[in-house]
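Please read these notes beside the structure. They are numbered, and each point takes up one part of the chain.

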Amino acid sequence: MVENHSIYQELSKIIAEDNILVDEYIKNHTYTQLGGAADFFVTPASVAEVQEIVRFANQAQVPFTLLGNGSNLIVRDGGIRGIVMSPKRFTAVRRDGNKLIAESGARIIDVSERALEEKLSGLEFACGIPGTVGGALYMNAGAYGGEVKDCLDKAVVVNQAGEVQTLDATKLDLGYRTSNIPEKGYIVLEAHFALQPGNTDEIKAEMDNLTFKRESKQPLEYPSCGSVFKRPPGYFAGKLIQDSDLQGKGIGGAEVSTKHAGFIVNRNNATASDYIAVIEMVQQTVKEKFGVELEREVRIIGDELESN
């Protein structure tokens with residue numbers, strides 16, 4: 001393993017030193033406000049820089065993690081070793097005919113708003129999803145009957161060799177909250193959304209309706225990772241949790257939302273350990289009460305915090 005000083009020296013040859021943060025707490029960059037420190041948190045400003053960082057990490061065998069805004073992710077309190085790359089400088093969205101081409105660091109909410117401005121229909125379902133475009137592809141994000149799979153035409157990625165590839169959406173194996181992006185080690189650069197010309201008033205009415213549903217039912221006043229569990233066949237996760245009398249139950253600063261049982265909220269400076277403990281408590285209780293195993297939708301990565 002290359003020593004940290006050597007890693008910093010190599011990274012500073014690739015990107016500006018202002019774009020390299022050392023021992024940076026991930027909780028400063030995640031929607032959930034959870035996560036320990038990354039050895040190196042980098043924010044490249046060009047595709048060429050992304051390619052070079054990937055090549056360096058591979059050649060030097062430095063652990064590498066891509067992080068969007070962490071809206072469907074829990075980073076453990078011990079943080080992440082090696083290089084964490086953020087696409088926060090890649091936020092452009094442009095129109096090409098009836099397509100919107102969005103860079104990976106753009107929020108999918110903002111892309112849906114741009115679709116409204118352009119009188120394009122097909123992204124209404126995404127108007128309240130807090131993740132980035134890259135994260136939305138990673139997990140085939142969806143809500144209220146729509147998902148990325150429905151409107152994605154192609155994606156531009158950097159592969160593990162540091163090469164840029166353009167892939168048809170069919171090559172990403174998009175399924176229920178899943179894709180082959182993690183397995184293939186792709187870094188999404190752009191998503192091409194194929195949309196349809198629509199009526200502004202009708203598009204806005206649908207987005208307003210979904211926003212009302214979301215705001216009235218979801219605990220948006222607290223940080224969270226959204227819907228924690230996948231829908232188990234034949235059931236609704238939130239209903240099972242509610243019927244298990246778990247709403248309001250918590251550990252440390254994390255608790256099951258009293259507004260929507262499918263959400264666990266960071267109510268009071270929760271640690272990742274608090275959050276994970278609540279997830280496990282919910283899974284165990286639901287299994288004991290109903291015999292149903294709840295599968296996490298949220299990902300958990302990073303190291304445990306070492307005890308002194």
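1. Two strands count as paired if DSSP finds at least two bridges between them. The strands themselves are DSSP runs of E, at least two residues long, numbered from the N terminus. The model discussed here is predicted. With these terms in place, the hairpin can be stated: β17 is joined to β18 through six residues.

2. Strand β17 covers residues 254–256, and three bridges join it to β18 in an antiparallel arrangement. Within this pairing, Val256 is the residue that stands opposite Ile264 of β18.

3. Strand β18 also pairs with β15, which spans residues 224–227. These two strands run antiparallel as well, with two bridges between them. Ser224 has Val265 in β18 as its bridge partner.

4. Are the residues on the two faces of β18 buried or exposed? The strand, residues 263–266, is covered on both faces. Phe263 and Val265 are buried on one side, while Ile264 and Asn266 are buried on the other.

5. Helix α8, residues 272–290, contains Met281. Met281 counts as partly exposed because its relative accessibility is 23%, and the buried class requires a value under 20%. Which residues does Met281 contact, leaving aside its neighbours within four places in sequence? They are Leu246, Lys249 and Ile251. As for Gly250, its C-alpha atom is 8.9 Å from that of Met281, and the two residues are 31 apart along the chain.

6. A separate point concerns aromatic rings. The structure holds one aromatic pair. Tyr8 and Phe40 form this pair, with 6.5 Å from centre to centre and 35° between the planes, and the arrangement is tilted. The pair links distant parts of the chain, since Tyr8 belongs to helix α1 (residues 4–14) and Phe40 to strand β2 (residues 37–42), 32 residues apart.

7. The two members of the aromatic pair fall into separate accessibility classes. Tyr8 has 24% relative accessibility and therefore counts as partly exposed. Phe40 has 2%, so Phe40 counts as buried.

8. Another ring to look at is that of Tyr25. The charged end of Lys27 sits over the Tyr25 ring, at 5.6 Å from the ring centre.

Conventions:
Residues are numbered from 1 along each chain as its sequence is written. This is a predicted model: local features need pLDDT of at least 70, side-chain atom pairs count only at pLDDT 80 or more; totals for chains, interfaces and linings use all residues. Side-chain values use heavy atoms; hydrogens and water are left out. Helices (H or I, at least four residues) and strands (E, at least two) are DSSP runs, numbered from the N terminus. Buried means under 20% relative accessible area, exposed over 50%, partly exposed in between (1.4 Å probe, protein chains only). Contact means heavy atoms within 4.5 Å. Rings of Phe, Tyr and Trp (its six-membered ring) pair if their centres lie within 6.5 Å; planes under 30 degrees apart count as stacked, over 60 as edge-to-face and the rest as tilted. A charge sits over a ring if NZ of Lys or CZ of Arg is within 6 Å of the ring centre and within 35 degrees of the ring normal.
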